[in-house]
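Please open the model in a viewer and keep the sequence at hand.

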Amino acid sequence: MIQTDTPNIQSLSTEVSQLRQELQLRDQLVQQLSQELFRLVKGNTNFMPQRLESEYDLSQLQSLREQLQAVEQQVTFYQEQITSRDTEIYQLRQSVQELTDRSRMLEQVVQELPQIYRRKFEERMAPVREKVAVLQRENRQLQAELQSVSYRLALKTRTSSHSGIDLPNFPRPTSGQANIPSVQNA
């Protein structure tokens with residue numbers, strides 16, 4: 001949106017400056033005409049408008065009045081256009097400023113997102129880590145109890161199956177070794 005507004009603002013600004021130049025040129029022409037008329041009237045003290053003006057002079061005067069009126073209308077029109085364009089430019093500048101501020105804010109948010117995600121992830125992982133630690137402790141306790149029970153069970157079965165004599169257990173021969181008879185417990 002900012003990229004399309006910038007050429008639009010530039011074209012409006014160019015058009016406003018052109019309208020101002022035209023307005024200044026017309027103002028200068030009106031000023032020159034009024035000065036020339038004033039000079040003619042003031043410089044010629046004997047100049048008195050004739051009561052009976054010729055029709056040609058009257059038509060020229062009427063034509064000049066109409067031209068002056070048309071120029072005044074154009075000046076008024078251009079002034080209104082300049083005012084409306086100035087208002088539009090002001091609004092566009094405000095819009096650009098607001099969008100620039102918003103863009104900066106969004107850039108800052110985007111830059112902060114990784115830290116926010118890390119922090120949120122750590123917050124969510126804390127209970128999971130605690131639960132894993134508890135489960136690992138329970139697992140170690142259960143393994144210790146299992147070893148203790150297995151050891152006691154082994155002792156109990158060993159003492160009940162043997163008649164009090166603890167005989168050594170020799171490894172069984174593999175197929176490559178000589179056949180040595182093993183002693184079996186009775």
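Does Arg85 count as buried or exposed, and why? The model is a predicted one, and the reply will come after a view of the whole chain.

**Whole chain.** Display the protein chain as a cartoon: 2 helices and 0 strands are present. Of its 186 residues, 6% are buried. Among contacts with a separation of 6 or more, 84% join residues 24 or more positions apart. Colour the surface next; the accessible area is about 17,100 Å², and carbon and sulfur atoms account for 55% of that area.

**Arg85.** Select Arg85, which lies in helix α2 (residues 55–161). Arg85 counts as buried because its relative accessibility is 17%, and the cut-off for buried is under 20%. Then show what surrounds this side chain: beyond neighbours within four places in sequence, Arg85 contacts Leu12, Glu15 and Val16.

**The nonpolar core.** Select Leu19, Leu23, Val75, Tyr78 and Ile82 together; these 5 residues form the largest nonpolar core. Helices α1 and α2 each contribute at least two residues to this core, with α2 giving the most, 3 residues. In soluble globular proteins, nonpolar side chains tend to be buried together. Centre the view on Ile82, which touches Leu19, Arg20 and Leu23 when residues up to four places away in sequence are set aside.

**A surface patch.** Finally, select Leu37, Leu40 and Val41, a nonpolar patch on the surface with about 290 Å² of accessible area together. Val41 belongs to helix α1 (residues 2–43).

Notes: Residues are numbered from 1 along each chain as its sequence is written. This is a predicted model: local features need pLDDT of at least 70, side-chain atom pairs count only at pLDDT 80 or more; totals for chains, interfaces and linings use all residues. Side-chain values use heavy atoms; hydrogens and water are left out. Patches are made of residues with over 30% relative accessible area and no salt bridge: like charges are joined within 9 Å, nonpolar side chains (Val, Leu, Ile, Met, Phe, Trp, Tyr) within 5 Å. Accessible areas come from the Shrake-Rupley method with a 1.4 Å probe; for residues, only the protein chains shown count as cover. A salt bridge is a side-chain nitrogen of Lys or Arg within 4 Å of a carboxyl oxygen of Asp or Glu. Helices (H or I, at least four residues) and strands (E, at least two) are DSSP runs, numbered from the N terminus. Buried means under 20% relative accessible area, exposed over 50%, partly exposed in between (1.4 Å probe, protein chains only). Contact means heavy atoms within 4.5 Å. A nonpolar core is a set of buried Ala, Val, Leu, Ile, Met, Phe, Trp, Tyr and Cys residues joined through side-chain atoms within 4.5 Å.
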